[in-house]
Amino acid sequence: MHGFQRKGGKLFAEGVSLDGLADRYGTPLYVYSAGTIVDHYRRLRGVLRAVNPLICYSVKANSNLAILSILSRLGSGFDVVSGGELERVRKVGGKMDRCVFAGVGKTREEIELGLRFGVKAFHVESEEELEQIAAVAGRKKGRHAPIALRVNPDVEAGGHAKITTGTYANKFGIPYELVAAAYRRAGADPRLHLRGIQMHIGSQITRVEPFRAAVRKMIPLVERLRDRHGLEYFDVGGGLGIVYEDALASGRDGWWKTLRSEKAMTLNEYATSLVPMLRDLKMDILLEPGRFLVGNAGVLVSEVLYRKSTGQKYFTIVDAGMNDLVRPALYEAYHQIEPVGKPRPGAIPTDVVGPVCESGDVFCHDRSLPPLERGDRVAILSAGAYGFSMSSNYNTRPRPAEVLVTGSRARVVRARERVAGLWQGERK
Ligand SMILES: Cc1ncc(COP(=O)(O)O)c(C=O)c1O
């Protein structure tokens, strides 16, 4: 299933026209396809069924309550990185004993919250954090803090430097060589309950080799620590990449098409390379996908405001900006851009830019797009992950509304912000 496709030349989210949604709710507008999220969750569980994984959706990718609710109903666990994310999961009735609490800088208050809510485990990223968690747990008589250490396996995952996490140049995890000693110390502490071990090597990984290399490197360590400390689970993290080019449906498996520069791994390749190694461990297997579940389940619909030419460049100025979707400005990320209406014949190279006062507020450079006119809408595809969740009010811009489509039904799952609300809490 792919939630976004053309019908009679016009773009639809499942059974609902994007132009119709923009008429009703205005632009910029995030639109999500519920069916796509369900489908991606089931596909992932399906290919990994031999290890019966607990999928812990990485909330940071998109933390809207409606999306958390869909995943919670499917039985998903959650990977959270703040007290706020944990509260969101609780708000939708997500099971706390399926939540793992990650992040390099958990505060004392957040640790207390995690303990009080009864998370499955804290994923610990430094020895000092381990001490802090033990100290917080120790203040409550008889309380043990469940923990797993995040191992930095020092494996290059490729991709953009800002989303690589698994090398010693990154702040994440505990270096591979130091992990066994850290478990020994933690194991001697009665305030801690050692439950598992975790890794996460990066995001938007489209080749299977980095996953295979990291898991292969981890296996002997995991086995040793499993036997020594009775660890129950191995969490292989998230990072599964998606296709950002040709992201529009074109046949049953449309979204697994070939990238321009490299061949994206298929879900089957991911599974067949990891499952045999993981199955032999005889442990619970956890996974923390974010982007894979929601990335291609969302688009950002925006209206063309103006066009202009400098003689050197042709610009199409739209009403969405980098504050609404920061990935192109932050990571030089590619997002396919499609006219929402029936594309006009022809193609013009254009920069699609937002209204924010930054030269970096650009969604694409010299992209060949069908001619667009004022008032036309465009859909910026694959915006479901790290779109709204990374948005801001920069330039005092209210953030867009979010709409969830399920079949032929659409409902607003977050109202558009109002300008007057933006200075609430400020004082003259
Ligand atoms: C620890 C951890 N787990 C999971 C994820 C989710 O990554 P992705 O959305 O690429 O699957 C991240 C994001 O970078 C992460 O830092």
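Let me start with the place where two helices touch: Arg43, Leu44 and Val47 in helix α2 meet Leu267, Asn268, Ala271 and Val275 in helix α9, where contact means heavy atoms within 4.5 Å. Helices here are DSSP runs of H or I with at least four residues, strands are runs of E with at least two, and both are numbered from the N terminus. By class, this contact has five nonpolar residues, one polar and one charged, with Ala, Val, Leu, Ile, Met, Phe, Trp, Tyr, Cys and Pro counted as nonpolar, Asp, Glu, Lys and Arg as charged, and the others, Gly among them, as polar.

Before going on, please keep in mind that this is a predicted model, in which local features need pLDDT of at least 70 and side-chain atom pairs count only at pLDDT 80 or more, while totals for chains, interfaces and linings use all residues. Residues are numbered from 1 along each chain as its sequence is written, and side-chain values use heavy atoms, with hydrogens and water left out.

Rings of Phe, Tyr and Trp (its six-membered ring) pair if their centres lie within 6.5 Å, and planes under 30 degrees apart count as stacked, over 60 as edge-to-face and the rest as tilted. By this rule there are five aromatic pairs, and the one between Phe211 and Tyr270 is edge-to-face, at 5.1 Å centre to centre with 85° between the planes. Phe211 and Tyr270 are both buried, and buried means under 20% relative accessible area, exposed over 50% and partly exposed in between, with a 1.4 Å probe and protein chains only.

Now to strand β4 (residues 29-33): five of its five residues are buried, so the strand is largely enclosed by the rest of the structure. Leu29, Val31 and Ser33 lie on one side, and Tyr30 and Tyr32 on the other. In general, side chains in a regular strand alternate between the two faces of the sheet.

Which strands pair with β4? Strands pair if DSSP finds at least two bridges between them; four bridges join β4 to the antiparallel strand β14 (residues 298-309), and five join β4 to strand β20 (residues 401-406) in the parallel sense. Leu29 has Val301 as its bridge partner in β14, whereas Tyr30 has Glu402 in β20.
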